[in-house]
Amino acid sequence: LGAGPSGLAVSACLKRRGVTPVILERAGQVGSSWRNHYERLHLHTVKRFSSLPGMPWPEDVAMYPSRQDVVDYLDAYARRFGLAPRFHEDVKRVANRGGRWAVETPTGELHARALVVATGYNRVPKAVTWPGLEDFSGTVTHSSGYRNGRAWKAERVLVVGAGNSGAEIALDLWESGATPALCVRSPIHVIPREVFGIPAQINSLFLMGRLPRPVADRLSRALLDRVVGDLSRWGIRRPDEGPVTQVVTRGRIPLIDIGTVSLIKQGKITVYPGIRRFTRDAVVFEDGRAQRFDHVVLATGYRA
């Protein structure tokens, strides 16, 4: 179920072992989520560690592939392994009946001995609300619906959420001529995408894979003190837990910075704390400040 990266990878591995799976995909193309992400998106992981089984990335693709690079790669992957999903098959119900799976779709029911659910972590945008949100006169868009900031040139935009998507959307808004602000409610670890020319992903694999967690936390904190420093004066606090502990125990990925922090330090992106409430044309934050905005982008994540 699903023809995104995981569904395609599992299907290719099955075919290499002589099993031809039936692939059901509710959209009309493979990798539908990637086709709908915001245009500026790039992987924060290097392509060397981001390929699917049996097919490395083309040499002419940059180290950090773009959204369109990923779409093209998934199309090529499906062609390479002869994967032909049944598109527009929106699965309505799945049940196990006597050891076999019954899969109900609008076109009928399929039966199988084994079932792989590859519907992804980013299936449903997380719904969040605050007092007064229904009265806000500006637009409110989840990041899943954000494409680019060109239509918001010279307008004030608040991005809620300082994960990697939120930080990159704020950067994209500034590059598009908007006046962005970033709502950072909780403490976060910030790491540059590259440290001394080495991708952060490689450093983190070494720290998490080869060192005891307390040692890895101490080393990573010392490194971040040197290359990032204390960002609290700009509204970004560091958690008490070390970055490696957060990843391992809670699945919380640090903010991998690709330029947003520099703009924050220059005063081009303003950081605000959590939101207390909305008014007709403004947002009131937990520290009592109120600021007018024309648009709000909710980079508040997804649920599976």
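Me: Before we start, what does "buried" mean here, in relative accessible area?
Reply: Buried means under 20% relative accessible area. Exposed means over 50%, and partly exposed is in between. Keep in mind that this is a predicted model.

Me: OK. Is Glu168 buried or exposed?
Reply: Buried. Its relative accessible area is 2%, and the cut-off for buried is under 20%.

Me: Which side chain does Glu168 meet in a salt bridge?
Reply: Arg40. The N to O distance is 3.0 Å.

Me: Where do Glu168 and Arg40 sit in the chain?
Reply: Glu168 is in helix H4, residues 164-175. Arg40 is in the loop between helix H2 (32-36) and helix H3 (67-80). They are 128 residues apart, so the pair links distant parts of the chain.

Me: Which residues are linked with Glu168 in a network of salt bridges?
Reply: Arg40 and Glu175. Together with Glu168 they form a network of salt bridges.

Me: Give me another one. What does Arg86 pair with in a salt bridge?
Reply: Glu89. Their side chains meet at 3.1 Å, N to O. Glu89 counts as buried, at 7% relative accessibility. Arg86 is partly exposed, with a relative accessible area of 36%.

Me: And Asp281, which residue does it form a salt bridge with?
Reply: Arg292. The closest N and O atoms are 2.5 Å apart.

Me: What parts does that pair tie together?
Reply: Asp281 lies in the loop between strand S15 (275-278) and strand S16 (282-285). Arg292 lies in strand S17, residues 290-292. So the pair ties together parts that are eleven residues apart in sequence.

Me: What is the relative accessibility of Asp281? And of Arg292?
Reply: Asp281 is at 24% and counts as partly exposed. Arg292 is at 43% and also counts as partly exposed.

Me: Switching to strands. What is the order in the five-strand open sheet?
Reply: S7-S18-S8-S9-S14, with parallel pairing.

Me: Which are the edge strands?
Reply: S7 and S14 (270-272). Each pairs on one side only.

Me: How much are neighbouring strands turned against each other?
Reply: By 25° on average, with direction ignored.

Me: Tell me about S18. Which strands does S18 pair with?
Reply: Strand S7, residues 139-142, pairs with S18 in the parallel sense over four bridges. Strand S8, residues 156-160, also pairs with S18 in the parallel sense over four bridges.

Me: Which residues of S18 are the bridge partners of Thr141 and Val157?
Reply: Val297 is the partner of Thr141. His295 is the partner of Val157.

Me: Which S18 residues lie on each side?
Reply: S18 spans residues 295-298. His295 and Val297 are on one side, Val296 and Leu298 on the other. All four are buried, and both faces of the strand are covered.

Me: And at the S14 end, how many bridges join S9 to S14?
Reply: Three. S9 (residues 179-183) and S14 run parallel. The bridge partner of Cys183 in S14 is Tyr272.

Me: Now helices. At what angle do H6 and H7 cross?
Reply: Roughly 130°, with the axes coming within 7 Å. That makes H6 oblique to H7. H6 covers residues 213-227 and H7 residues 243-250.

Me: Which residues meet there?
Reply: From H6: Arg213, Ala216, Asp217, Ser220, Arg221 and Leu224. From H7: Pro243, Val244, Thr245, Val248 and Thr249. The residues of this contact divide into five nonpolar, three polar and three charged.

Me: What is Gln246 in contact with, leaving aside neighbours within four places in sequence?
Reply: His189, Pro239, Glu241, Gly251 and Arg252.

Me: Last one, Lys265. Where is the place of Lys265?
Reply: Helix H8, residues 260-265. Lys265 is partly exposed, with a relative accessible area of 40%. Leaving aside neighbours within four places in sequence, Lys265 is in contact with Val228, Leu231 and Trp234.

Me: How far apart are Lys265 and Glu168 in space?
Reply: 15 Å, C-alpha to C-alpha. In sequence, Lys265 and Glu168 are 97 residues apart.

Definitions and conventions: Residues numbered from 1 in each chain as written. Predicted model: local features only at pLDDT ≥ 70, side-chain atom pairs only at ≥ 80, totals over all residues. Heavy atoms only, no water. Axes fitted to C-alpha atoms, helices over the stretch in contact; angles between N-to-C directions. Helix = DSSP H or I, 4+ residues; strand = E, 2+ residues; numbered from the N terminus. Parallel < 35°, antiparallel > 145°, perpendicular 65-115°, else oblique. Contact = heavy atoms within 4.5 Å. Nonpolar A, V, L, I, M, F, W, Y, C, P; charged D, E, K, R; others polar. Buried < 20%, exposed > 50% of the residue type's maximum accessible area, 1.4 Å probe, protein only. Pairing = 2+ DSSP bridges. Salt bridge = Lys/Arg side-chain N within 4 Å of Asp/Glu carboxyl O.
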